[in-house]
Every structure is written in C-alpha cells, then in structure tokens.
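Please keep the viewer open as you read.

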Amino acid sequence: MTNITIAKWDVFEHILQGPSSGNPFIDVDFEAIFSQKSRMVRVPGFYDGDGVYKVRFMPDNEGEWHFKTRSSAPELDGQTGTFTTRAARADVHGPVHVANKFHFAYADGTPYRTFGTTCYAWTHQPLALQAQTLDTLKMAGFNKMRMGVFPKDYPFNINEPLYDVYERDGEGELDFDRPNPESFRHFENQVKALGDLGIEADIIIFHPYDRWGYCDMSAEQDYRYVAYLTARLAAYRNVWWSLANEYDFLLNTKPMGQWDRYFQIIEENDPYHHLKSIHNGDVNANYDHRRPWVSHVCIQNWDVKRTQEWREAYGKPVVNDEPEYEGNIMLSWGNISARELVHRYWITLLRGGYAGHGETFMHPEDILWWAKGGVLHGDAWKRIAFMRTLLESDAKEGLTPIAREANWPWSRVSGATDGDVTYIYLGEHQPVIWAPGLPLEPGDYDVDIIDTWEMTVTPANIVDAPANHPTRHGASLRPRRPDAAFAVELPGKPNLAIRVRPKR
C-alpha cells in the first residue's frame, strides 16, 4: 500500500475486497495488527456489505506505522501497508479520559469539563431535521451529546426510523444476524459531524423503548452487535460508550452477567480505552460503578445534592445526565423550569460532579429536542453555556467541594475550589450579606457576584465581616477555620454565586 499521511488522532482506514457469500458478518474473522517500533496494537475489522471489509485505526503517536491483516478468509489475510502520522490539527486534542480522579481531560492534557445534552433518536429522523440539529449545536455551547444507536418507541417519538439497524429477510422481518451497513454508515457519519463541532458522542448501546425487537435479540446476537459497533466506531476520537439508557428496565431479558460481558467485549475490541459507563432508570438501581471496567458514574437522579455522596461511594467522576428536563410535558421528569434546571446544574458542579441538559417542550409535530433534536425552545441552555464559559476560564483541574455538606457552617449551600479559585453557590437562599468560607485578606482577592440567571458578573462590595454567624437557634456557630475578615454585600435574590480569585 502506498504510504499516506494523516494527523494524530484522526482516522486511518484500510479497505479490502473479500467474500460476500454466506453471512460474512458471522463467517469471516478479520483484524489487523498495527505496529510502531516494538509497540503492537490489535484492531478488529468489520464487514461493510457488498464484499467490502474495513479496518480503522486512530494513531496516538507521530511517526511511521505499519500494519498487517489477519483473517480466516485467505484474500484478506496477510495484507500489509504503512502510513505516517503527523502532528495533530490545531483544534484536536485527542479522546477524553479520566483525569484528577473525579474529572476529565483530553489525551494531550487539555482539561475537559462535560456540558452535555440529550437527543436520543436524532440520527433516526429525516435528514433535514438532522441538519437542523447540527446547526443548533454549532451555537448552543454543549460539548457532549447522548444518542442511541437503536430507534426509540416512546411518547412523542413514534415515527419509523430513517434506516433499520439490521437488514430485513425475504419475509420483511429484521434479521438480527445481519447488521445494516447503510444504517451504521449514517450513524458514524453523524458521530464524525459531532466531532468536527468539538462534541463528544455519548453512544447509548441499548435501551428498553422498543417495538422492533432489538431488545429481544439473543445474548449471542447482543455480543456480536457490541463487537461490531466497537469495531466500526472506536477509531473516532470523540466516542464515549454508554452501555444503556436505564439498563435496570432490561434486566428481565438481559441479566446482570450479560451487562458485565458487554463491558468486557468493548474492552477487548477498543484499543483506545474510550470512556465507558452505564445509566440507571430507577433512582435506587445504580449499577456498581466501582467495577474496574467502568470509567465514570453515569446516573439519573433528581436529588443533585447527593453528588458528593456518589463521588465518595464510587471514587470516580460523577455525571448526572438526567437531573430532569426543562419542559412542559405531562411527565414529571420533563416539566421542570429552566431556572430549576440551571439551579441543579450549579449544585451538581459545585459538589464536584457534572450535569446533563435536556429539553421537553410540547410541539405540534412532536419534535422534542430530547428525542429528535431540531431547535432549542427553552432558556436553560444559554445559562449553561454561560456557566461553561466561566468554569473553563477559572477551573484548570476540576472543582473540588470545599467540605462534606454536614461539616459546613452553611450546610445547604454548595461551594467548590480549583486551586486559587473558589465558588460559593447560594442557590435558593437570598442573604444580603455573606462571610462564611471567604478568605482572610480582602485586599489580595477579586470577589465577584455571579447572577446565574441574568448571566452577569459584578464586582462585589466588600464590608467588614460580622463578628459571628448566628444559627437558626440564635447561637454562635463558627467555621472550623477562622472567621473571614470581610464579607460580601448581596442584592437579596436567589440563584447567586460568589467567585473569589487572587488578584490578576
């Protein structure tokens, strides 16, 4: 093969012609070994229909790479080639991995803070609507998208998908032994489109909302599907693996041992070790995220004040992808206000985790963002983008809660620090003066009041701190650290935050 050059963390693809008789999806084994000096990387290949076989590789190191194919089909076996990897493009930082135990960073060390949204079935909608979704994402400020491989059958989302995920047999029934390459090609093209926008694709592999039979595939068919999906998509740098949306609603057909095996299949076939997690339905049915194959906690729970509890229980980054959605549908999880969703975002981040956005407003054509994409109608997304701008400017390592809630002198307020920067979020509380937790020397710091709803940052008016901080019982309660030497005057309204930074 003629030597070609690609950028670091881009996709190298090698295409071969091979057997098309029988069922190549099952009958033909195909992979390649990529090598650079003494390093060797096994990469599974896949059948793409019409006698076409592909293997994809994401080089993570510059220089010359060699590869050699291995296959049960003689015409695919022993093929060799080389290519050269140059420096990454300026806006490419590699795949996201866990960093600083509770946070994330790109492969080159650039911090990544996840501000994600959910569009479960957007890739199954008409092409014009998908294009509109991508246009919306260009300006919305999100950097992660939860999205399902399978179509979804649920209220507000009952249309037929753009493509069947599996081919149909002579009687028109889905053949779960034959993936539909056209469907997968379209899906991976949309994953790439998200990557071009700097958005991580959080790929949901299974979900329970089905009328086509995808939930009822056999265990062996499930295993082949997970391996096939991994072989097709792992080389895209912006991939995250989410084993399921609400896995516990599928336990009657997919018992716990199968979920563990799905994780293992991904580990065996993803040489880049993309992030992997799994999402619960019942708030009391969390998967055991302590298991070594789980990179981070993916959770759904409206009680965002438990974020520190989950951090401590699992010892990994916490992403609450469903703290309920802004909207007005009749289902309780889909009709909280924009203010409430933004409030839950701030609480989650200042207790050391990350939150997800969703929007579920009634629409005459049932085009709800959470299911189908399109355009955003709500007000939360702008405030979330504002929050992202603040934290990406201030937080370099990731926010760490100042203390356990029970140990705070202000037990219902959230506060976190990142090096020299401290945030205190007052939430629903509206004091006119605030001193607890502030530094001791007012002259050394810039202190700002952030209005999280109005999206303003205003220098604070500094006054002398009260001598003590009365409790609701009238007694004096002092923090475990010395009292602050100064206090901040506040306008007496909810949803304010205080930011304290060393003078710049």
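## Conventions

Two strands pair if DSSP finds at least two bridges between them. Helices (H or I, at least four residues) and strands (E, at least two) are DSSP runs, numbered from the N terminus.

This is a predicted model, in which local features need pLDDT of at least 70 and side-chain atom pairs count only at pLDDT 80 or more, while totals for chains, interfaces and linings use all residues. Residues are numbered from 1 along each chain as its sequence is written, and side-chain values use heavy atoms, with hydrogens and water left out.

## Strands S1, S7 and S8

Strand S8 (residues 80-86) runs parallel to strand S1 (residues 4-7), and 4 bridges join the two. In this pairing, Ile6 stands opposite Thr85 of S8. S8 also pairs with strand S7 (residues 63-71), here in the antiparallel sense and over 6 bridges. There you will find Phe67 opposite Gly81 of S8.

## A three-stranded sheet

An open sheet of 3 strands has the order S2-S6-S5, with antiparallel pairing. Its edges are strand S2 (12-17) and strand S5 (46-47), each pairing on one side only. Between S2 and strand S6 (residues 52-57) there are 6 bridges, again antiparallel, and Ile15 stands opposite Lys54 in S6.

## The eight-stranded sheet

Another open sheet has 8 strands with parallel pairing, in the order S18-S17-S16-S13-S12-S22-S20-S19. Strand S18 (276-277) and strand S19 (297-300) each have a single partner strand, so one side of each is left without a neighbour in the sheet. S19 is joined by 4 bridges to strand S20 (residues 318-322), running parallel, with Cys298 opposite Val319 of S20.

Helix H5 (residues 256-269) lies across strand S16 (200-206), strand S17 (239-244) and S18, at about 160° to S17. For that angle, axes are lines fitted to C-alpha atoms, for helices over the stretch in contact, and angles run from 0 to 180 degrees between N-to-C directions. Contact means heavy atoms within 4.5 Å.

How many disulfides does the structure hold? There are 0, where a disulfide is a pair of cysteine sulfur atoms within 2.5 Å. The sulfur of Cys119 has its closest cysteine sulfur 15 Å away, in Cys298, which is too far for a bond.

Cys119 counts as buried because its relative accessibility is 0%, and Cys298 is buried too, with a relative accessible area of 2%. Buried means under 20% relative accessible area, exposed over 50%, and partly exposed in between (1.4 Å probe, protein chains only).

A nonpolar core is a set of buried Ala, Val, Leu, Ile, Met, Phe, Trp, Tyr and Cys residues joined through side-chain atoms within 4.5 Å. The largest has 107 residues, of which Phe34, Ile203, Phe206, Tyr225, Trp259 and Trp346 touch the most other members. Helix H7 (residues 338-350) gives the most to this core, with 8 residues. Apart from it lies another core of 14 residues, including Leu426, Val447, Phe486 and Ile498. Leaving aside neighbours within four places in sequence, Phe34 has contacts that include Phe12, Arg39, Trp65 and Phe83.

Helix H4 (residues 219-233) reaches 21 Å from its first C-alpha to its last, close to the 21 Å expected for its 15 residues; the expected span is 1.5 Å times one less than the number of residues. H4 is mostly covered, with 11 of its 15 residues buried, among them Tyr225, Arg232 and Leu233.
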